[in-house]
Amino acid sequence: MADASTSHQEALRLAARLRTSPDLIDLATAAEAGIDLLYALEADAGTEDLRLVTGLIGFAVRAAPAHPSLPQWWGELGVAHGWIAEQTGSAAEYGTAIACSLTAVSAPQAPPEVAERAAVEAANLTCSLLRSGEVTPGRAQQLIKALDAISLSWTDALNAVHFEFGRAWTLRWSYPLTADVAELSRAADILRQALTAPVLAEATEDHTDGLDLLITVLEHLYFAKHDPTLLEEALVAAVKVRELLPEDHESLPEAHGVVAAIADEIFWSSDGEASAMLETAVTSFAAKRATIGLDDDETVSYALLLQVRGCDEEDVSALSAAVEILETPERAQGAEVVLAGLHELLIRFAGSPHAWQTIDWASRALALDDLGPEVVTPLHGSRIIGLAAALEAFGGDEVAARYDVGAILADAWTEALAGDGADRAELGFQTARLRSQWVADRFPLDTDLTQAATVELADALHRVRPHADEDHEPGLAAAVTVVEDWVPVLMGERDPGPLRAALQDRRRQGSTDADNMLTWLDRCIALKATLDSGQPAGPHLQEALAGLSALMPNSEQETGAGALARLFKAFAETAGGDTATRSAACLKVIRLCDELPPNMISSPLVRQMRGLVAARLAVGGHDGDQAEPAIEDLERVLENRDGHWPEADTHVAESLGQLLRRRGGPGDAERSRRLGLRALAWQTWYVLTRPDRDRGGPTPRFAHVVGDWCREDNANDDLVRVVEAERTVALARGTGAALLHRHLVDAGRADLAEEWVAANEADAPWAARHPDLVSRLSEGDEQALAEPLGPEEIRPLLRGLGLDALVYLVPRKATAGGLMVVVPAEGAATSAQLPLLTEEWFTKNTSAEPAALGGWAWLAGGAAVLAAAKAVAPGRVPRVAVVPGGMLSSVPWAAAWRETGAGRTHLVEDVQITVVPSARLLARSSPAGGEPVILRGDSDLDEVSSLLVKGTRSVVSEIWPVADDSELISLFRHYLGEMTANPAAALREAQLRMLENLGDIARWGGFAHFGG
């Protein structure tokens, strides 16, 4: 055969002569020149050269239909057109090439070697065409039939095998076009037969190619028929390929990968029963990984198999190996899901250090896109398991420092509620149980959060019940009752009867803790009754805590849980006995705290208990060395509140404030006031959002403590905030639902406002505090409603309403006297102590005559109000808003009188007075508006406050019995017509008119104006 250059020149010469003198060209010469060029071309030959070949050979076959070499020419022409088709992707070229090859096969005079080679070429070309997808299903079936029609007495056994392989390939690529599974079955049958050919024993590469094709066909058949025997057959073929390849063959690693993939599929499709396949897949993946590495899918599959093996055999090394495979910077896509599961298992087999990785990887996996519920639900479960392990091993402080536990629990609960399946029910139970543990760890216990967690746990148990065995269903029903009723019964909000019955039922079912729970229930109910009565509760508290210890198994009593129970008992002992006994009990608490495991020492519960008793010792002068450790403990307690302070944190703030003030360092005094104000703000929010829980609370006493700090520091601005906070709490106790409702309506959230009111009016009010409602209130809501107003916020309100000053009258105990705090519309706030401003005289003389009450009112506070009013508005009648505290709201301050040279002079003659329950309500007042509401007869401050909160402009209310109010009301309405913008002035004019006519104070002094 000539070289490429010579062949090319000859072909060009003949092609040129064909264009000018075709009759002078020898046909055989033209054909041979084309064939020579065809075999001289390089693999990357251009289409132009191939067209030259097809032109010469095509001329010969057209011009010499009877030439003895015609079959060969047709065959070579098919090869040339096939080459062009592969370069251009032209379906037409493929069609031409196939037609040429089939013509060569069917030629009667075709030599065997020519026909056999053309048959193989026709099969391969047909395969390529079908693989391109550029044919219709009908055309595909025509081409397959054409191949089926070829019947040769094969002289070359290897060519026969190649032809059968080509037919099988054609059927394999026809399947995507026709969706006819029978074609895959035919392909498998053809290959099974062809692979038995003896010639393959000496043709390893051909043998492995055929086996690879059989594996491919069988896999497609498996996915179409779901017949596991097909995969088993494919695995046999894959193992055979691996055996045929020498150790140094470049395809051997991929052969290991094929074996691994098939064994992996068999294992998972058998639900893990095909244990031998697990080992086959693992060893094969390992072999490939050791040579050329694994792709992403293989990496994840390998790790999952190691996870199963590690779980089944409790093989930590296998699980660790899986982690090492996946935890790489270039980790496979989806590896996060597997890593979360691996670390979850390692928590069980290797311990809690894997808790952090479980949470982290599960969180990363949940951030991935397009995850189905079959993946999402277990991932949430992994995070819950990781959090539970971390909480137990490292304590709540460490967990809270790393994660937003509330958000993780909320996300898991949302997923649990997204469906009714067993997996989601189990997730809900695990989540609810962990929430209960988390709330308990955040001790001192927030009973509202505890009840919310209890509601959630009961709901989770309800969701688990449909998936439980019949034998377990009665026990679950009793457990639901116990969970639902336990906290409400202890809080006195639910009849204990059903709870007792459920506990007795559990006792009958063999529950070992039912008796102890019943005993503890009785003790806790007795403790609550004692607390509600205001009696010393130390003995009952110690009994209840002893009962708590009895609920623990013996094994737990020697662990951290038992130590906590002993600590509770010792803490209860600090509340009783003489000074020496209490001091000894405090030292015992500190010793028990220091003996706890490290993770428990750092918990908010232990820090708070230790800090409180240490503060008692330090402030009481018994052990000054405890001051700094106590400050550190209590500061840490306040740092770990996640934005919410439990009720007991007023005690923490007070103790810490006392320690700071005792230390007296730079900023300590101011820090103590900030702590007090923050605790008061939280108490306001607590009363607003949990109205049924508040039982008076620690606010008045604590407000007096913080107020004294402000007085000591001459911090009148902060003192204003303290007394305003005290009044806001009182307002919240009486009209909290209305206040919150109005705020939400004004903020455009009327739906939530109505839900809140309905929930608080429900028969089971404690259930209304489900997190669904509370969680929908924002930090902005809390700030708007609970943060106490200071002078800088109050002054603009006064100026806008034309008021000269706001005067707080704050009663205290008889031994301390009361306070007057003045916020002028212009100028600095001031304060003064009023020794007679207490509720003592007032409460002892509830039926006193109005004249006697007016005389006391002048001495207790009226004189101070007049002095303050004249100071802010010299030379005219001052307009003052009075904020009376406690029972002082029933004092007719306008009727306060003193003796002068002209007789009795009343405060109303010198000052225009309006009463407001809190400065906060000034923000809801307006100089203009509708008619004032007149309340006659019995009414109270809550009723007045509710009207003001709901938007009433002003209220004229009877606050002390009036013998006959008809004249006063008539005069008020008369003057209101003249001064519609100032109802307070209209009431004053009416009262002054009655004074001019020597009207009895009993007929006019018992009414007051409320509002701006």
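How many helices and how many strands does the chain have? Show the cartoon view and find out: there are 47 helices and ten strands. Keep in mind that this is a predicted model.

**Stop 1: the whole chain**

Select everything. The chain holds 1012 residues, and buried residues make up 52% of them. Next, think about contacts. Take those in the chain with a separation of 6 or more: 65% of them join residues 24 or more positions apart.

**Stop 2**

Select Ala179. This residue sits in the loop between helix H8 (157-178) and H9. Check its backbone: phi of Ala179 is near 55°, a positive value in a residue other than glycine. Is Ala179 buried or exposed? Its relative accessible area is 57%, so Ala179 is exposed.

**Stop 2: H9 against H10**

Two packed helices are described by the angle between their axes and the distance between the axes. An angle over 145 degrees counts as roughly antiparallel. The crossing of H9 with H10 is left-handed.

Show side chains next. On the H9 side, the residues that meet H10 include Val181, Leu184, Ala188 and Leu191. On the H10 side, look for residues including Leu213, Leu214, Val217 and Leu221. Color the contact by class: eleven of its residues are nonpolar, three polar and two charged.

**Stop 3: H17 against H18**

Hide that pair. Select helix H17 (residues 355-366) and helix H18 (residues 373-394). Their axes are 8 Å apart, and the packing angle is about 155°. That angle makes H17 roughly antiparallel to H18. Here too, the crossing of H17 and H18 is left-handed.

Which residues of H17 meet H18? Among them are Trp356, Ile359, Ala362 and Leu366. H18 contributes residues including Val376, Leu379, Leu387 and Phe394. Sorted by class, the contact of H17 with H18 has twelve nonpolar residues, five polar and one charged. Pick out Arg383, one of the H18 residues in this contact.

**Stop 4: another loop with a positive phi**

Jump to Asn714. You will find it in the loop between helix H35 (699-712) and helix H36 (716-746). Phi of Asn714 is near 55°, a positive value in a residue other than glycine. Asn714 is exposed, with a relative accessible area of 60%.

**Stop 5: inside, at Val949**

Finish at Val949 in helix H44 (residues 941-949). Buried or exposed? Val949 is buried: its relative accessible area is 0%.

Now show what surrounds this residue. Leaving out residues up to four places away in sequence, Val949 touches Thr735, Ala738, Leu739, Arg742, Leu921 and Arg924. Pick Leu921 from that list. Leu921 and Val949 are 28 residues apart along the chain, yet their C-alpha atoms are separated by 6.8 Å.

Conventions
Residues are numbered from 1 along each chain as its sequence is written. This is a predicted model: local features need pLDDT of at least 70, side-chain atom pairs count only at pLDDT 80 or more; totals for chains, interfaces and linings use all residues. Side-chain values use heavy atoms; hydrogens and water are left out. Helices (H or I, at least four residues) and strands (E, at least two) are DSSP runs, numbered from the N terminus. Buried means under 20% relative accessible area, exposed over 50%, partly exposed in between (1.4 Å probe, protein chains only). Contact means heavy atoms within 4.5 Å. Axes are lines fitted to C-alpha atoms, for helices over the stretch in contact, and angles run from 0 to 180 degrees between N-to-C directions. Angles under 35 degrees count as roughly parallel, over 145 as roughly antiparallel, 65 to 115 as roughly perpendicular and the rest as oblique. A crossing is left-handed if the near helix is turned anticlockwise from the far one by less than a right angle, and right-handed if clockwise. Ala, Val, Leu, Ile, Met, Phe, Trp, Tyr, Cys and Pro count as nonpolar, Asp, Glu, Lys and Arg as charged, and the others, Gly among them, as polar.
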